[in-house]
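Hello,

Here is the structure you are taking over. My notes follow it.

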Amino acid sequence: MFDYIKGKLTKITAKYIVVETGGLGYILHVANPYSFSDRVNQDIQIYLHQVIREDAHLLYGFHNEDEKAVFLNLISVSGIGPTTALAIVAVDDNEGLVRAIDNSDIKYLMKFPKIGKKTAQQMILDLAGKFVDVAVENGKAPQSAPTGNPALEEAMEALLALGYKAAELKKIKAFFEGTTETTEQYIKSSLKMLMK
């Protein structure tokens, strides 16, 4: 098992980042690849979780240990796999997630991709009280983003990769027409809208 990796961030795509260390480039699946945009070609430390499947060995990366702890709690719930857990972590709002679980807010939990009523109920049963040790961050209010610009296109691509539907994203993309933000800000703003 791995705890973290230190190396140079060499590549960012809609689904993953690549961290090079010891002459090898490691593909790390992360919740919001563009949140690392300001660190390209710099040395970074990413916390890891390895998932071994019959057909692949996958590495999932996290900014900090709290984000990793949320992810690990989520994948412990029956019906939630790593991709769905990443989509939930990407909202960057542990406060909303923890509050929804504590208040048994099934409707809020069902707003995440691939979370139906049964899985939302299971999340509440399995995770109630498990986030006590996880630092809840009060995220800054995200700002809007542009249409027809590369940053907005990258953001929409990343959200599609997380499992959000193209129809939902089309409305959000239209909402951001004429604005100018970074890819990361677009993703954060879009996720806030999707969770309302």
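Contact here means heavy atoms within 4.5 Å. Helices (H or I, at least four residues) and strands (E, at least two) are DSSP runs, numbered from the N terminus. This is a predicted model, in which local features need pLDDT of at least 70 and side-chain atom pairs count only at pLDDT 80 or more, while totals for chains, interfaces and linings use all residues. Residues are numbered from 1 along each chain as its sequence is written, and side-chain values use heavy atoms, leaving out hydrogens and water.

Helix α6 (residues 150-161) has A151, L152, A155, M156, A158 and L159 buried (under 20% relative accessible area, 1.4 Å probe, protein chains only). Down the axis of α6, these buried residues fall within an arc of 160°, so they line one face of the helix; the arc is that of the directions from the helix axis to the C-beta atoms. Their cover includes α7 (166-175) and α8 (183-194). Just after α6, G163 has a positive phi of about 110°.

The strands: 5 of them close into a barrel, in the order β1-β2-β3-β5-β4, with mixed pairing (two strands pair if DSSP finds at least two bridges between them). Strands β1 (residues 4-12) and β2 (residues 16-21) run antiparallel and are joined by 4 bridges. I12 has I17 in β2 as its bridge partner.

Last, T84 lies in helix α2 (residues 82-90). T84 is buried, at a relative accessible area of 8%. Leaving aside residues up to four places away in sequence, T84 touches P113, K114 and I115.

Regards

How values were computed: Buried means under 20% relative accessible area, exposed over 50%, partly exposed in between (1.4 Å probe, protein chains only).
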